[in-house]
Amino acid sequence: MSGAALYGLMAEFEDPTALVEAARAAREAGFTRLDAYSPFPIEAMAEALDIHDRKLPAVVLSGGLFGGLAAYALCYWCSVIDYPLNVGGKPFHSAPAFIVPTFETTILFAALAAVFGMLALNGLPMPYHPVFNAPRFALASRDRFFLCIEAKDPKFDHDETWAFLTKLGPRVVMDVEE
Amino acid sequence: MSDTPREPRSGEPPATRSSAILAPGYTFTTLTDKLASIVLSRRTPKAWFFGAAVGFALTMVLLGALGYLLVKGIGIWGVNEPVGWGFEIVNFVWWIGIGHAGTLISAILLLLRQPWRSSINRFAEAMTIFAVACASLYPAFHTGRPWLDYWLLPYPNTMGMWPNFRSPLIWDVFAVSTYATVSLLFWYVGMIPDLATLRDRAKKLWARLLYGTLAMGWRGSARHWHRYETASLLLAGLATPLVVSVHTVVSFDFAAGIVPGWHATIFPPYFVAGAIYAGFAMVLTLAIPLRKMYGLEDFITLKHLDNMAKILLATGLIVGYGYMVEAFMAFYSGNPYERFMMWNRMHGPYKNMYWVLLFCNLVAPQALWFRQVRRSIPALFCMAMIVNVGMWLERYVIVVVSLSRDFLPSSWGMYKGTIFDWATFIGSIGLFIALLFLFIRLLPMISIFEMRAILPEAKVREAEE
């Protein structure tokens, strides 16, 4: 630690089982501000870290509803109100024909909401994040598993947390600077 | 789960590897390094330079053909009365159809939890995007004034006009542009974790900048993964009905017309099946040389090829059913024009195309019932090429043969593609090859993180329960 503020402590594990168990133990010990980093999604992590995020499906649903309603409104407004055109005697309000643009736009907006909603909720793009200061963190995208307890955690105490993390049997524990 | 990386492709008997979706002996480390090295550190194989050169040369042919088209107008193509839709629509439908397998692999097989898709989904999705890019060239230039193509979009304009939302051609604009956008998003989102891997593994400055920017600061946080997985599932759920709708809408371009040979209710399902059929043929056409070129036999195993061959066979049977229903309905309808249309297909001036198409799409693929054929790489590659040709002929028969002889014999006429039609078609294949070769050189063509997740060591063992 050289002058810079401390972001947290990070422990490195060799396999996903160790990471899930460590995350569970840390939560049971009362830590609340912690995160796990892994090279692929681990389903058990959501339960181990008590992640309950149900915002994204709602965002996608709203995107889809907006896209569908807007597209139908566009078809209706163009074909009935602003530019009523008799095409082969079809009614101005040709509901069955409007289904296709409505359906496609529903999908388009729901998909846009899914992608940009996921990125926004995850706070991406993020050009800088302190965890990358951990010297071996580049391995989190290859073959190692990391658990980080933040210094902001109310239960955080450098030496005690260090001892706690060491007890979980990691390969190494390291300081992460802001 | 041994830690010693097995020498890949050592002379193991094929029997032990033929049913696995990943060769044994890989760990997170060796798997990541092998797949990342294709982009980052391995010497580019000679075959790559050859393929890229062919692709770029043919792209020049495309640019030349389109440049001349812009100068002279679409009179240089063979389209005229009565066949106003020639190569351009044939190729549009052919390319769009090819794209469908990518979405099927990445979305439908994801929802069905088929882990074997992991090694083929990425380049199949890339194939989708490049195929849609090639496809959209055709209608864009077929309008004759491509610089006014934005008139297709509903936007407030000084002419005070709006598109006719009752027209299948406008539906096409919505369907294809949505399909292109969603496929691109799906592909990019699926690549973010792998781009982070490349960012962390890259040594050269340009590579770190490129992949670092594209990875957007991905750090593999559990909270991020959670939302990422939700987003992937939702995107897959959205892409599934989308892919079915796209070729349905393309089939409406025909089915909503009154021309005999187009006006059939079987068209939507028959087109969707045909699209998947053509798409899997193209995936096989690409996968077989790629796995050889980059030594990816451990990841794209015989099991993958076998599964794809089975899908090819199944969709081929659906397409065959479509052909039979078309012929039967033409006869059963009692409508003389429908009957004549079918007679004309079988015995008219384009009869050779019809019979070759039936051979390619209906007869030849029956060989895939045999395991020896499905597991023989040269046989499978030939089969895929036969289906590629057959599906192009199918669209040719539907578009050209129907239009060339409609209700009134005095308005009949023959169609033949000109040299510019052929140059544009071959050039678009070149564009496809060029884009694909750029992709395999610059981006991870196999999803690294999804491959990690199917390793045995990725399983979380529940100790305390």
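## The nonpolar core

A nonpolar core is a set of buried Ala, Val, Leu, Ile, Met, Phe, Trp, Tyr and Cys residues joined through C-beta atoms within 7 Å. In this predicted model, the largest such core has 194 residues. Two of them, A:L147 and B:V283, touch the most other members. Helix α9 of chain B, residues 267-293, gives the largest share of this core, 16 residues. As a general background, nonpolar side chains in soluble globular proteins tend to be buried together.

Which residues does B:V283 touch, leaving aside those up to four places away in sequence? They are B:A101, B:I120, B:A124, B:M127 and B:M308.

## Where chain A meets chain B

The contact between the chains involves 59 residues of chain A and 52 residues of chain B. On the side of chain A that touches chain B, the elements giving two or more residues are α1 (16-28), β2 (34-37), α2 (43-48), α3 (55-82) and α4 (95-121) of chain A. The largest share of that side comes from α4(A), with 15 residues.

Sorted by class, the side of chain A that touches chain B has 42 nonpolar residues, eight polar ones and nine charged ones.

## Strand β1 of chain A

Strand β1 of chain A covers residues 6-13, and six of its eight residues are buried, so the strand counts as mostly covered. It is joined by six bridges to strand β4 of chain A (residues 172-177), and the two run antiparallel. Six bridges also join β1(A) to strand β3 of chain A (residues 145-150), again in an antiparallel arrangement.

The residue A:E12 has a bridge partner in each of these neighbours. In β4(A) the partner of A:E12 is A:V172, and in β3(A) the partner is A:F146.

## Helix α11 of chain B

Helix α11(B) has twelve residues, and from its first C-alpha to its last it reaches 16 Å, close to the 16 Å expected at 1.5 Å a residue. Which residues of α11(B) are buried? They are B:M341, B:M342, B:N344 and B:R345. These residues cover an arc of only 160 degrees around the axis, which puts them on the same side of α11(B). On the other side of the helix, B:P336 and B:H347 are exposed. The buried residues of α11(B) pack against α10, α12 and α14 of chain B.

Helix α11 of chain B also holds B:W343. Is B:W343 buried or partly exposed? It has 13 C-beta neighbours inside 10 Å, and therefore counts as partly exposed; a buried residue would need 20 or more. B:W343 and B:F331 are twelve residues apart along the chain, and their C-alpha atoms are separated by 9.4 Å.

## Helix α12 of chain B

Helix α12 of chain B runs over residues 351-363. At 1.5 Å a residue, its 13 residues should span 18 Å, and the end C-alpha atoms are 17 Å apart, which agrees.

The buried residues of α12(B) are B:Y354, B:L357, B:C360 and B:N361. Seen down the axis of α12(B), the buried residues fall within an arc of 135 degrees, so they line one face of the helix.

Methods
Residues are numbered from 1 along each chain as its sequence is written. Chains are lettered from A and ligands numbered from 1 in the order in which they are written. This is a predicted model: local features need pLDDT of at least 70, side-chain atom pairs count only at pLDDT 80 or more; totals for chains, interfaces and linings use all residues. Helices (H or I, at least four residues) and strands (E, at least two) are DSSP runs, numbered from the N terminus. The expected span of a helix is 1.5 Å times one less than its number of residues. A residue is buried if 20 or more other C-beta atoms lie within 10 Å of its own, exposed if 12 or fewer, and partly exposed in between; C-beta atoms are placed from the backbone. The arc is that of the directions from the helix axis to the C-beta atoms. Two residues are in contact if their C-beta atoms, placed from the backbone, lie within 7 Å. Ala, Val, Leu, Ile, Met, Phe, Trp, Tyr, Cys and Pro count as nonpolar, Asp, Glu, Lys and Arg as charged, and the others, Gly among them, as polar. Two strands pair if DSSP finds at least two bridges between them.
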